[in-house]
Amino acid sequence: IDNNNIRDMLNNNLHRFGIDDVTTVLDGNSDDFVSMFDDGSVDFIFIDGDHRYSQFSKDLRNWVPKLKADGTICGHDFNGTEYKEEFSEKDFVDEQHHGIAKGLMTFSDDYELGCFAHMNSSIWVLKKKGRLGDLILAQEQQRKEETNDQRTEEAEGILESIGASRT
(Lines give C-alpha, C1' and ligand atoms only; values in the text may rest on other atoms or scores of the structure.)
Protein backbone atom coordinates (compact mmCIF):
# COMPACT_ATOMS: atom_id res chain seq x y z
CA ILE A 1 0.00 0.00 0.00
CA ASP A 2 1.29 3.43 -0.93
CA ASN A 3 1.03 5.48 2.27
CA ASN A 4 1.42 8.75 0.36
CA ASN A 5 -1.59 7.81 -1.77
CA ILE A 6 -3.63 7.02 1.35
CA ARG A 7 -2.67 10.38 2.88
CA ASP A 8 -3.64 12.14 -0.37
CA MET A 9 -7.00 10.33 -0.36
CA LEU A 10 -7.55 11.35 3.26
CA ASN A 11 -6.71 14.98 2.55
CA ASN A 12 -8.96 15.00 -0.53
CA ASN A 13 -11.86 13.55 1.48
CA LEU A 14 -11.38 16.06 4.28
CA HIS A 15 -11.45 18.86 1.72
CA ARG A 16 -14.42 17.39 -0.16
CA PHE A 17 -16.48 17.31 3.03
CA GLY A 18 -15.36 20.79 4.02
CA ILE A 19 -13.69 19.77 7.25
CA ASP A 20 -10.04 20.11 6.36
CA ASP A 21 -9.81 23.45 8.18
CA VAL A 22 -11.17 22.01 11.44
CA THR A 23 -9.37 18.66 11.34
CA THR A 24 -5.98 17.78 12.77
CA VAL A 25 -4.49 14.57 11.39
CA LEU A 26 -1.93 13.02 13.69
CA ASP A 27 0.29 10.52 11.94
CA GLY A 28 2.36 8.38 14.27
CA ASN A 29 2.05 6.54 17.55
CA SER A 30 -1.03 7.82 19.37
CA ASP A 31 0.83 7.61 22.70
CA ASP A 32 3.00 10.48 21.48
CA PHE A 33 0.03 12.80 20.90
CA VAL A 34 -2.43 12.20 23.73
CA SER A 35 -0.76 14.74 26.07
CA MET A 36 -1.34 17.50 23.48
CA PHE A 37 -5.08 17.52 24.27
CA ASP A 38 -6.92 18.44 27.44
CA ASP A 39 -9.57 16.12 28.79
CA GLY A 40 -13.02 17.01 27.46
CA SER A 41 -11.65 19.09 24.58
CA VAL A 42 -12.11 17.00 21.41
CA ASP A 43 -15.29 16.61 19.32
CA PHE A 44 -14.32 13.66 17.15
CA ILE A 45 -11.56 11.04 17.23
CA PHE A 46 -10.93 8.42 14.55
CA ILE A 47 -8.49 5.71 15.61
CA ASP A 48 -6.69 3.78 12.89
CA GLY A 49 -3.89 2.17 14.80
CA ASP A 50 -2.51 -1.05 16.14
CA HIS A 51 -5.15 -3.80 16.04
CA ARG A 52 -3.73 -5.82 18.92
CA TYR A 53 -5.90 -5.74 22.04
CA SER A 54 -3.15 -4.38 24.32
CA GLN A 55 -2.55 -1.30 22.16
CA PHE A 56 -6.12 -0.78 20.99
CA SER A 57 -7.51 -0.88 24.55
CA LYS A 58 -4.73 1.54 25.57
CA ASP A 59 -5.80 3.89 22.76
CA LEU A 60 -9.38 3.79 24.05
CA ARG A 61 -8.31 4.41 27.66
CA ASN A 62 -6.05 7.28 26.57
CA TRP A 63 -8.36 9.00 24.11
CA VAL A 64 -11.92 8.59 25.44
CA PRO A 65 -11.26 11.08 28.29
CA LYS A 66 -10.27 13.66 25.67
CA LEU A 67 -13.81 13.65 24.22
CA LYS A 68 -16.32 16.37 24.92
CA ALA A 69 -19.52 15.15 26.61
CA ASP A 70 -21.23 14.68 23.23
CA GLY A 71 -18.06 13.67 21.38
CA THR A 72 -17.58 10.65 19.17
CA ILE A 73 -14.73 8.18 18.98
CA CYS A 74 -14.66 5.68 16.15
CA GLY A 75 -12.51 3.58 13.89
CA HIS A 76 -12.71 0.84 11.32
CA ASP A 77 -11.67 -2.79 10.92
CA PHE A 78 -14.50 -4.05 13.10
CA ASN A 79 -15.66 -7.40 11.80
CA GLY A 80 -18.09 -8.37 14.53
CA THR A 81 -18.39 -8.91 18.24
CA GLU A 82 -17.00 -12.44 18.33
CA TYR A 83 -13.30 -12.85 19.10
CA LYS A 84 -10.89 -15.56 20.15
CA GLU A 85 -8.70 -14.72 23.11
CA GLU A 86 -5.70 -16.54 21.63
CA PHE A 87 -5.74 -14.19 18.61
CA SER A 88 -6.34 -10.92 20.47
CA GLU A 89 -2.66 -9.96 20.30
CA LYS A 90 -2.41 -10.58 16.56
CA ASP A 91 -3.38 -8.21 13.77
CA PHE A 92 -5.82 -10.15 11.61
CA VAL A 93 -6.67 -13.86 11.89
CA ASP A 94 -9.51 -15.80 10.28
CA GLU A 95 -11.06 -12.69 8.69
CA GLN A 96 -11.28 -10.97 12.07
CA HIS A 97 -9.50 -8.26 14.03
CA HIS A 98 -9.81 -10.07 17.36
CA GLY A 99 -8.06 -7.33 19.34
CA ILE A 100 -10.50 -4.67 18.09
CA ALA A 101 -13.50 -6.87 18.91
CA LYS A 102 -12.19 -7.70 22.38
CA GLY A 103 -11.33 -4.06 23.07
CA LEU A 104 -14.79 -2.85 22.11
CA MET A 105 -16.66 -5.65 23.85
CA THR A 106 -14.77 -5.21 27.12
CA PHE A 107 -14.74 -1.39 27.24
CA SER A 108 -16.67 0.71 29.74
CA ASP A 109 -20.36 0.17 30.42
CA ASP A 110 -20.77 3.96 30.21
CA TYR A 111 -20.54 3.81 26.41
CA GLU A 112 -22.74 2.41 23.67
CA LEU A 113 -21.29 0.68 20.63
CA GLY A 114 -22.65 1.36 17.18
CA CYS A 115 -21.59 -0.19 13.93
CA PHE A 116 -22.02 1.03 10.36
CA ALA A 117 -21.25 -1.04 7.27
CA HIS A 118 -18.37 0.26 5.18
CA MET A 119 -17.05 -1.67 2.19
CA ASN A 120 -15.68 -5.03 3.44
CA SER A 121 -15.58 -4.17 7.14
CA SER A 122 -17.43 -1.83 9.44
CA ILE A 123 -16.98 1.46 11.22
CA TRP A 124 -17.32 1.18 14.98
CA VAL A 125 -18.59 4.13 17.00
CA LEU A 126 -18.53 4.69 20.75
CA LYS A 127 -20.74 7.34 22.33
CA LYS A 128 -21.65 8.00 25.93
CA LYS A 129 -24.85 6.17 26.88
CA GLY A 130 -27.88 7.98 25.54
CA ARG A 131 -25.92 9.77 22.78
CA LEU A 132 -25.67 7.03 20.16
CA GLY A 133 -29.33 7.42 19.23
CA ASP A 134 -28.71 11.12 18.50
CA LEU A 135 -25.95 10.14 16.08
CA ILE A 136 -28.12 7.57 14.31
CA LEU A 137 -31.00 10.06 13.98
CA ALA A 138 -28.64 12.68 12.54
CA GLN A 139 -27.29 10.14 10.05
CA GLU A 140 -30.83 9.16 8.97
CA GLN A 141 -31.77 12.83 8.51
CA GLN A 142 -28.66 13.38 6.39
CA ARG A 143 -29.55 10.34 4.24
CA LYS A 144 -33.09 11.69 3.72
CA GLU A 145 -31.75 15.11 2.73
CA GLU A 146 -29.25 13.54 0.32
CA THR A 147 -32.03 11.38 -1.19
CA ASN A 148 -34.26 14.43 -1.61
CA ASP A 149 -31.41 16.39 -3.20
CA GLN A 150 -30.69 13.47 -5.55
CA ARG A 151 -34.36 13.21 -6.53
CA THR A 152 -34.51 16.95 -7.19
CA GLU A 153 -31.41 16.73 -9.39
CA GLU A 154 -32.88 13.77 -11.28
CA ALA A 155 -36.17 15.59 -11.83
CA GLU A 156 -34.40 18.71 -13.03
CA GLY A 157 -32.34 16.57 -15.41
CA ILE A 158 -35.48 14.97 -16.84
CA LEU A 159 -37.18 18.35 -17.22
CA GLU A 160 -34.11 19.77 -18.93
CA SER A 161 -33.90 16.80 -21.31
CA ILE A 162 -37.46 17.36 -22.47
CA GLY A 163 -37.04 21.12 -22.72
CA ALA A 164 -39.21 22.00 -19.75
CA SER A 165 -38.28 23.97 -16.68
CA ARG A 166 -39.27 23.81 -13.06
CA THR A 167 -41.50 26.65 -11.92
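This is a predicted model: local features need pLDDT of at least 70, side-chain atom pairs count only at pLDDT 80 or more; totals for chains, interfaces and linings use all residues.
**View A. Lysine 102 forms a salt bridge with glutamate 85.** The closest N and O atoms of the two side chains are 2.6 Å apart. Glutamate 85 belongs to the loop between strand 2 and helix 3 (98-105), whereas lysine 102 lies in helix 3 itself, so the contact ties together parts that are 17 residues apart in sequence.

**View B. Lysine 102 lies over the face of tyrosine 53.** The distance given for this arrangement is 4.1 Å from the ring centre.

**View C. Lysine 58 and aspartate 31 form one of the six salt bridges that the structure holds.** Their closest N and O atoms are 3.1 Å apart. Because lysine 58 lies in helix 2 (residues 53-63) and aspartate 31 in the loop between helix 1 (3-16) and strand 1 (42-47), the pair ties together parts that are 27 residues apart in sequence. Lysine 58 counts as partly exposed, with a relative accessibility of 31%, and aspartate 31 counts as partly exposed at 25%.

**View D. The side chains of lysine 66 and aspartate 39 meet in a salt bridge.** The N to O distance is 2.9 Å. Lysine 66 is placed in the loop between helix 2 and strand 2 (67-78), and aspartate 39 in the loop between helix 1 and strand 1, so that parts 27 residues apart in sequence are tied together by the pair. Lysine 66 counts as buried at 11% relative accessibility, whereas aspartate 39 is exposed, with a relative accessible area of 54%.

**View E. Phenylalanine 107 and tyrosine 111 bring their rings together as a tilted pair.** The structure holds three aromatic pairs, among them this one, in which the ring centres are 5.7 Å apart and the planes meet at 55 degrees. Such a pair is described by the distance of the centres and the angle of the planes. Phenylalanine 107 is buried, as is tyrosine 111.

Definitions and conventions:
Residues are numbered from 1 along each chain as its sequence is written. Side-chain values use heavy atoms; hydrogens and water are left out. A salt bridge is a side-chain nitrogen of Lys or Arg within 4 Å of a carboxyl oxygen of Asp or Glu. Helices (H or I, at least four residues) and strands (E, at least two) are DSSP runs, numbered from the N terminus. Buried means under 20% relative accessible area, exposed over 50%, partly exposed in between (1.4 Å probe, protein chains only). Rings of Phe, Tyr and Trp (its six-membered ring) pair if their centres lie within 6.5 Å; planes under 30 degrees apart count as stacked, over 60 as edge-to-face and the rest as tilted. A charge sits over a ring if NZ of Lys or CZ of Arg is within 6 Å of the ring centre and within 35 degrees of the ring normal.
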